[in-house]
Amino acid sequence: MASSLTCAGVIWTLLSLLCAAASCVGFFMPYWLLGSQMDKPVSFGTFRRCSYPVRDEESQATVILEQCGRYASFQGIPSLEWRICTVVTGVGCGLLLLVALTALMGCCISDLISRTIGRVAGGIQFVGGLLIGSGCALYPLGWDSEEVRQTCNNTSDQFELGSCEIGWAYYCTGAGAAAAMLLCTWMACFSGKKQKQYPY
């Protein structure tokens, strides 16, 4: 199989796959914000939540159902900021995934990744990382929602965690985006082989 990538391009492909995987896994997992409610651990993502209160009909009391799930609808996400964060971060993850899969195909197909295509791919990765970074920056604006305040002992506010803490998925998403913006964008410039000039 002929490759259209240089040695730097192969490293770029591996880094692109790692960055896309880290950002996508972190985005999907509901462990961005960790707290507790009724002595049970509770965690939030941008569009998912683990452990939520439900009304028990037998005992006529509110209990915590310890399982993870998505919100029933897009409007069910607790705050406007988290809805925007979900869309922006999702688009950014999609862009990183698209470039990573294209780079992977470049390992097997000759003349797929030229220097120009590599630079364009790097630009797309920069935009994807910027979108994910923007989503991570928007996320703390939703900490003043009622659901989050209940989980953080009514002490959380925008950019104030209260008794909650930031979870590993938030760091994973942000680290994938930062590496995509800094390392992958730079390495993409050296990823493609110089195209041969054919005299006609």
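Which residues do ring pairs link into a cluster?

1. Ring pairs link Trp-32, Phe-44, Trp-82, Tyr-139, Trp-143, Tyr-170 and Tyr-171 into a cluster. Rings of Phe, Tyr and Trp (its six-membered ring) pair if their centres lie within 6.5 Å; planes under 30 degrees apart count as stacked, over 60 as edge-to-face and the rest as tilted.

2. This is a predicted model, in which local features need pLDDT of at least 70 and side-chain atom pairs count only at pLDDT 80 or more, while totals for chains, interfaces and linings use all residues. Residues are numbered from 1 along each chain as its sequence is written, and side-chain values use heavy atoms, with hydrogens and water left out.

3. The structure holds 11 aromatic pairs. The ring centres of Tyr-170 and Tyr-171 are 6.2 Å apart with planes at 80°, so this pair is edge-to-face. Tyr-170 is buried, at 15% relative accessible area, whereas Tyr-171 is exposed, at 52% (buried means under 20%, exposed over 50%, partly exposed in between; 1.4 Å probe, protein chains only).

4. Five strands form an open sheet in the order β4-β3-β2-β1-β5, with antiparallel pairing. β4 (61–70) and β5 (165–166) are at the edges with a single partner strand each, so one side of each has no neighbour in the sheet. Strands (E, at least two residues) are DSSP runs numbered from the N terminus, and two of them pair if DSSP finds at least two bridges between them.

5. β2 (residues 40–44) pairs with β3 (residues 48–56) in the antiparallel sense over 2 bridges. Phe-44 has Arg-49 as its bridge partner in β3, and Phe-44 also belongs to the ring cluster.

6. The charged end of Arg-48 sits over the ring of Phe-28, 4.5 Å from its centre (the criterion is NZ of Lys or CZ of Arg within 6 Å of the ring centre and within 35 degrees of the ring normal).

Technical notes: Helices (H or I, at least four residues) and strands (E, at least two) are DSSP runs, numbered from the N terminus.
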